[in-house]
Amino acid sequence: MAGFDRKVFSNRLAALRSDRGWSQEDLARESGVSRDAIARYEAEINCPSLETVGKLAEALGCPLDVHV
């Protein structure tokens, strides 16, 4: 994704999950994204697809801001 900052995403994902008191397993259950994938995103190993970002955002109750 153009303009995607993996470090910012991983830190924000972990913070939002933690703010809700959720484990990675909890977020996986709520979002339908595997716990292993969430761990890789938070560790900055992998970059999620836009579809996956949408699933995580929905599960966390966060709007997606799209700038075109």
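Leaving aside neighbours within four places in sequence, which residues is leucine 13 in contact with? Select leucine 13 and look around: the partners are Leu27, Ile38, Tyr41, Glu42, Leu56 and Leu60. Contact here means heavy atoms within 4.5 Å.

Before going on, a word on what you are looking at. This is a predicted model, where local features need pLDDT of at least 70 and side-chain atom pairs count only at pLDDT 80 or more, while totals for chains, interfaces and linings use all residues. Numbering starts from 1 along each chain as its sequence is written, and side-chain values use heavy atoms, with hydrogens and water left out.

**Zoom out**

Select the whole protein and colour by secondary structure. You'll find four helices and zero strands, in the order α-α-α-α from the N terminus. Helices are DSSP runs of H or I with at least four residues, and strands are runs of E with at least two, numbered from the N terminus.

The C-alpha atoms fill a box of roughly 30 × 25 × 20 Å along the principal axes. The radius of gyration is 11 Å, in agreement with the value near 11 Å for a compact globule of 68 residues. That radius is taken over C-alpha atoms, and the globule rule is 2.2 Å times the number of residues to the power 0.38. Among contacts between residues at least 6 apart in sequence, 58% join residues at least 24 apart.

Now colour by accessibility: buried residues make up 31% of the 68. Buried means under 20% relative accessible area, exposed means over 50%, and partly exposed lies in between (1.4 Å probe, protein chains only).

**Two partners of leucine 13**

Pick leucine 60, in helix H4. Leucine 60 is buried at 5% relative accessible area. Not counting residues up to four places away in sequence, leucine 60 touches Leu13, Leu16, Arg17, Arg20, Trp22 and Leu27.

Then hop to glutamate 42 in helix H3. Is glutamate 42 buried or exposed? Buried, with a relative accessible area of 16%. Leaving aside neighbours within four places in sequence, glutamate 42 is in contact with Ser10, Leu13, Ala14, Arg17 and Gln24.

Glutamate 44 sits in the loop between helix H3 (35-42) and helix H4 (50-60). Check the backbone there: glutamate 44 has a positive phi of about 65 degrees although it is not a glycine. Most residues other than glycine have a negative phi. At 32% relative accessibility, glutamate 44 counts as partly exposed.

Finish at glutamate 25, in helix H2, which is also partly exposed, at 42% relative accessibility. Draw a line to lysine 7: the pair are 18 residues apart in sequence and 21 Å apart in space, C-alpha to C-alpha.
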